[in-house]
Amino acid sequence: MSTATLQKTNGKSSAARPKQGKLPSAKAKIAKAKDERIDAKSPSPGRTDSFPIEQNIIGGRMVASASGETLPVIAPGDGNVFAEIASGTAEDISRAVTAARRAFEGGWGRLTAIERGRLLLKLSQAVLDYASDLAALESRDTGKPISQGKADVTALARYLEYYGSAADKLHGETIPFLNTHLVSILRVPHGVTGHIIPWNYPVQIFGRSVGAALAAGNACVVKPAEDASLSILKVARLALEVGFPEGAMNIVTGLGRTAGASLAGHPGVDFISFTGSPQTGTFIQSAAAQNHVGVTLELGGKSAQVVFADADLESLMPVVVNAIIQNGGQTCSAGSRLLIERSAYERVVEAVGKRFAALRAGPPERDLELGPMINAAQKRRVETYLAAASEDHLETVASGTIVKDAPKGGYYVPPTLIGQAPATHKIVQEEVFGPVLTATTFDDEADAIRLANGTPYGLVAGVWSRDAKRSLRVARKMRAGQVFVNSYGAGGGIELPFGGFGRSGHGREKGFEGLREFTTTQTLVMAHG
Ligand code: NAI
Ligand code: MG
């Protein structure tokens with residue numbers, strides 16, 4: 001937005017009514033964000049009157065929060081405030097749900113699947129056109145090394161391409177019934193879908209959930225994470241620029257306990273998609289249950305990499321290390337437990353340890369192996385787990401470094417490999433959500449399976465062995481939504497259904513499964529006898 005339309009929302013000045021502004025061009029917005037990055041003078045937290053304020057996007061218009069309140073946007077790289085976002089309220093959520101319903105019953109709902117698909121493809125192209133600016137913004141807001149920001153933005157474009165191309169290929173079926181009746185099973189959208197998004201992969205999770213929901217014909221209300229809303233706001237502006245009807249995609253930023261809780265419990269929402277912590281997942285499902293609507297919950301994991309002694313060490317090494325340090329380990333599918341056959345333990349741990357010792361955490365723009373954690377609480381969380389390991393005398397095999405010039409106010413933690421970790425220890429049982437890998441030995445296949453399945457989670461598993469039959473036997477015993485043999489993650493796998501067992505949640509995202517999740521069926525019975 002230009003300075004002229006910038007609303008002062010730091011005091012009571014705009015509390016009475018949300019002010020509406022004309023939508024500035026996405027190009028101008030992104031260019032502005034870039035300038036601000038360059039000009040920012042690292043102001044101290046709390047001083048919020050001179051920062052760009054990003055408003056909500058409701059019914060195709062930019063609007064301040066109904067309360068006029070804002071939240072500071074902090075760069076994890078240095079801990080400084082560099083923007084503000086609207087602090088959305090129940091009222092904002094209600095307006096967004098109303099706008100989405102209107103779109104669903106109006107302009108958006110009238111489009112054909114082909115037209116919806118084309119809009120998603122246009123948005124995909126627009127995301128690619130602005131990829132480097134979006135990546136830089138994402139990197140600053142989340143602390144991701146810049147190349148990880150780029151990978152996320154590229155993945156978003158790919159999700160939009162995948163679901164845009166799939167919109168007109170999702171179809172129902174007919175069922176043989178009485179000879180006098182024709183039965184069609186229609187695949188229909190839920191209606192208004194709510195999307196509560198975490199801060200770890202904002203644009204990727206937006207792509208897989210909002211992309212699929214829109215392709216299926218739903219109108220969306222999105223609540224990004226308070227720690228990472230900027231990129232999603234930009235993408236929503238791009239969506240309006242490429243011609244999405246107003247209200248098809250509404251964004252309300254704000255806190256989980258206010259904006260998020262209001263969305264989860266809103267009676268006008270027909271389906272909720274949530275990615276985040278198990279605790280919040282429980283809350284979301286309970287809130288949705290009051291309205292008897294479905295939820296997809298993607299709640300993280302404690303995923304195991306099972307390494308047999310005959311595994312190809314050279315090929316597994318970079319994959320195993322990357323699976324825990326990508327995004328600083330703040331990844332639901334992080335491979336956070338290394339289970340190694342006893343006879344190979346020393347050899348594997350030594351090789352992994354060498355790699356860990358060479359890892360560096362530093363400012364996102366330096367594009368090292370790791371950036372900072374997302375916020376002070378997440379840094380404390382990781383440090384608390386490391387302290388517990390040290391109190392219990394677990395062995396630190398190796399740790400990487402925090403580069404010397406990393407700003408003191410940033411949220412950096414050293415990547416750490418813990419050896420001979422007892423399977424019952426909390427650092428092996430609980431999701432750290434940081435760059436901490438534990439190594440534990442196993443004796444045979446049965447032991448490996450027992451340990452791999454021995455946490456309440458069940459998101460992803462990796463099996464490494466040159467014995468094809470054994471890999472397959474073990475893989476099929478894994479209680480996890482995705483299992484990789486002699487690989488892990490497969491570059492995000494937009495096409496591959498993804499989701500959990502147990503405490504990792506339920507429902508599936510990505511691929512066609514993810515698209516179906518945003519639909520329900522309607523059985524149409526037509527008598528002609
Ligand atoms: P969180 O689950 O509280 O936050 C995720 C999203 O839910 C955010 O948009 C937040 O505003 C929203 N939210 C929070 N409370 C809510 C409520 N009562 N009603 C509706 N929405 C609500 O996760 P948080 O606190 O950011 O991180 C804590 C831990 O959660 C992490 O350390 C990690 O272990 C796990 N986590 C897992 C993620 C995953 O990808 N599975 C992503 C983020 C966090
Ligand atoms: Mg941030």
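A residue is counted as near a molecule if one of its heavy atoms lies within 4 Å of it. In this predicted model, 27 residues are found around ligand 1, and those that come nearest are Ile197, Trp199, Lys223, Glu226 and Ser277.

The side chain of glutamate 226 places an N or O atom 2.6 Å from an oxygen atom of ligand 1. Isoleucine 197 takes part through its backbone, with an N or O atom 2.8 Å from an oxygen atom of the ligand. For serine 277, a polar backbone atom lies 2.8 Å from an oxygen atom of ligand 1. On its own, ligand 1 has 800 Å² of accessible area, and the protein covers 87% of that area.

The site of ligand 1 is the largest pocket.

By residue class, the shell around ligand 1 consists of 13 nonpolar, nine polar and five charged residues. Glu226, whose side chain approaches a ligand oxygen atom at 2.6 Å, is among the residues that come nearest to the ligand.

Conventions
Residues are numbered from 1 along each chain as its sequence is written. Chains are lettered from A and ligands numbered from 1 in the order in which they are written. This is a predicted model: local features need pLDDT of at least 70, side-chain atom pairs count only at pLDDT 80 or more; totals for chains, interfaces and linings use all residues. Side-chain values use heavy atoms; hydrogens and water are left out. A polar contact is a pair of N or O atoms within 3.5 Å; within protein, one must be able to donate a hydrogen and the other to accept it, and residues adjacent in sequence count only if both atoms are side-chain atoms. Accessible areas come from the Shrake-Rupley method with a 1.4 Å probe; for residues, only the protein chains shown count as cover. On a 1 Å grid over the protein atoms alone, a cavity is a set of points where a 1.4 Å probe fits but cannot get out, and a pocket is an open set with protein on both sides within 12 Å along at least five of seven lines; lining residues have an atom within 4 Å of a point. A molecule sits in a cavity or pocket if more than half of its atoms lie within 2 Å of its grid points. Ala, Val, Leu, Ile, Met, Phe, Trp, Tyr, Cys and Pro count as nonpolar, Asp, Glu, Lys and Arg as charged, and the others, Gly among them, as polar.
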